[in-house]
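Let's take a friendly walk through the side-chain contacts of this protein. Which charged groups and which rings find each other?

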Amino acid sequence: MDKQSAKGTKVTREEGWNVGNEKFADINPEEWSITFHQESNSTSHEISENERKWLCSVENSPAIGSSEKPKIQMVPKMHRENEANRRCYEPLVVAIGPFHHEKSKLQPMEKYKVLLANQFAKESSKEKSVSIDVLYTRVKDIVPSARDCYAKDSIKDYNDEEFAKMMFLDGCFILQYIHCLVTRNYKQLQMKSHDIAFIRRDLFLLENQLPFEVLHVLMSCRFKKDEGMEMIKTFISSAHAKPLQSHGLIQNIKYLFLDFFGKISEREKPSLTQEETSKNQIPAHLLEILRAQLIDPNAFSEGGCYLRGEWCSYRSARELSRAGIHFECGKRRCLSDIKFNSFRFSALLTLPPITIDDSTKSELLNLVAYEACPDTPDDFGVTSYLCLMDSLIDHAEDVKELRSKGILLNFLGSDQEVANLFNEIATDLVPNPHAFIDVKHKIENHYNNKGKVWVAEWKNTHFDSPWTVVAFIAAIFLILLQVADTVLAAFQVKFAEPPK
């Protein structure tokens with residue numbers, strides 16, 4: 001210890017304390033002490049005016065996510081860092097709102113915005129005698145509120161007039177586009193079919209959202225009370241409609257059997273969706289409405305722990321199938337509607353159907369990015385669903401297993417491409433520990449039941465096809481014939497012996 005550092009310090013030690021390379025002897029802590037004496041000329045530091053202002057800003061800083069309305073966010077940086085997914089956040093043909101408005105590759109669609117805005121205004125004039133001037137004025141009246149939906153830095157280059165024009169054209173374009181698709185009046189759009197498909201994809205990008213109050217004002221000038229909202233719901237749900245599937249006789253008998261024992265009654269009980277619970281609230285944008293149709297926040301239990309989590313080993317669909325856990329396609333397209341029913345020697349895992357096509361990856365990634373933003377529901381429903389599906393899908397064989405049950409509707413390509421899609425999307429995602437906790441525990445308990453697993457493996461080994469069942473029955477029949485022949489031969493020998 002140098003002189004400077006030792007200044008003002010008193011060290012008291014008893015016998016046994018050695019300094020240098022010598023070893024320390026046993027020391028009783030009560031026998032020595034180190035005392036620090038404050039310099040007599042030391043003074044306490046005063047807080048400057050700048051420091052007081054900084055402390056005041058810390059003290060009065062608002063809580064994260066405490067704003068009055070959700071803002072339309074940019075994709076979080078963490079999600080953009082994945083180079084393979086970056087394209088999924090970028091619009092292909094149309095820019096909605098200020099984030100991508102000036103991009104040159106999206107300018108060709110601007111003329112279609114004018115065309116569809118003109119169509120929307122004419123239809124509004126016919127339906128409710130509302131002129132285009134009135135339409136624009138209604139939008140201009142809510143410009144201050146609409147500007148609050150964006151961060152100030154993202155709209156600083158637009159004055160109120162420029163911003164109002166952008167909101168008006170984009171809002172009319174979206175509503176007229178949706179109306180043409182719902183009414184199947186595709187020719188009125190005057191677009192190529194690939195542009196029509198790409199626009200639908202672009203409308204559900206996180207950075208391509210329009211404040212819903214703009215759409216709400218425009219809808220009130222054309223449609224009846226709930227007609228506009230029903231049109232939007234139909235548009236969103238149409239892309240996720242489950243195709244009709246005809247079940248065979250055995251499948252129908254199985255449903256009757258399960259229903260008789262009360263298995264289906266619990267599984268098919270309707271639950272309140274987020275959309276229904278917040279019926280009187282105006283949603284933030286179209287992406288929020290899409291998520292409300294896909295996720296029921298009430299489906300998540302209160303188990304789990306954020307710090308240590310609940311340990312559940314992850315196994316693929318094929319491995320679970322070999323262990324006696326069979327898969328069934330659910331009746332609804334709600335991603336949180338996942339159920340597990342256990343029987344004597346087997347179990348049934350019910351998963352919602354999902355269509356996999358060229359726009360699926362983009363849609364799911366933007367929903368995940370939306371859940372990662374402030375002022376959004378913290379249930380992480382879509383994120384948790386993707387993590388669960390990633391645990392079920394490792395290879396093409398797992399996709400084939402789920403596809404054969406109608407759970408995965410593959411319009412993308414090979415089964416391996418679908419497996420790669422789920423594996424790529426779920427990279428670095430952290431699920432809600434409360435999500436599907438009951439289902440995970442039941443799967444784990446079934447898999448740890450050695451008796452059930454042994455019966456399932458025995459069935460898979462010896463009865464993996466109808467021909468093995470036929471062969472088994474034939475073998476039993478032959479054995480019974482052989483036993484009967486032996487018994488009859490014994491009786492014949494006994495009664496053929498002459499009496500003694």
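## A buried charge pair

D170 has a relative accessible area of 1%, under the 20% cut-off, so this residue counts as buried. Its salt-bridge partner in this predicted model is K113, with the closest N and O atoms 2.7 Å apart. The two sit in distant parts of the chain: K113 belongs to helix 4 and D170 to helix 8, 57 residues apart. K113 is buried too, at a relative accessible area of 0%.

## Other salt bridges

Across the whole structure, the search turns up 20 salt bridges. One of them joins E90 to K103, again with 2.7 Å between the closest N and O atoms. Both E90 and K103 lie in the loop between helix 3 and helix 4, so this pair ties together parts that are 13 residues apart in sequence. E90 is buried at 17% relative accessibility, whereas K103 is partly exposed at 30%.

K361 and E424 make another bridge, their closest N and O atoms being 3.0 Å apart. K361 comes from helix 17 (residues 360-371) and E424 from helix 20 (residues 415-425), so the contact links parts separated by 63 residues in sequence. Here K361 is buried, with 14% relative accessibility, and E424 is partly exposed, with 36%. Shared partners also connect R80, E90, K103 and E207 into one salt-bridge network.

## Aromatic pairs

How many aromatic pairs are there? The count comes to seven. In one, the ring centres of F120 and F223 are 6.5 Å apart and the planes meet at 65°, so the pair is edge-to-face. F120 lies in helix 4 (residues 110-128), while F223 is in the loop between helix 10 and helix 11, so the pair ties together parts 103 residues apart in sequence. Both F120 and F223 are buried.

Y136 and F168 form a further pair: with centres 5.7 Å apart and planes at 85°, this one is edge-to-face as well. Y136 sits in helix 5 (residues 132-141) and F168 in helix 8 (residues 160-182), so parts 32 residues apart in sequence are tied together. Y136 is partly exposed, at 22% relative accessible area, but F168 is buried at 8%.

## A cluster, and charges over rings

F173, Y177, F204 and F235 come together as one aromatic cluster. F235 has a charged neighbour as well: the charged end of R200 sits over its ring, 5.4 Å from the centre. Likewise, R147 lies over the face of F163, at 5.2 Å from the ring centre.

Definitions and conventions:
Residues are numbered from 1 along each chain as its sequence is written. This is a predicted model: local features need pLDDT of at least 70, side-chain atom pairs count only at pLDDT 80 or more; totals for chains, interfaces and linings use all residues. Side-chain values use heavy atoms; hydrogens and water are left out. Rings of Phe, Tyr and Trp (its six-membered ring) pair if their centres lie within 6.5 Å; planes under 30 degrees apart count as stacked, over 60 as edge-to-face and the rest as tilted. Helices (H or I, at least four residues) and strands (E, at least two) are DSSP runs, numbered from the N terminus. Buried means under 20% relative accessible area, exposed over 50%, partly exposed in between (1.4 Å probe, protein chains only). A charge sits over a ring if NZ of Lys or CZ of Arg is within 6 Å of the ring centre and within 35 degrees of the ring normal. A salt bridge is a side-chain nitrogen of Lys or Arg within 4 Å of a carboxyl oxygen of Asp or Glu.
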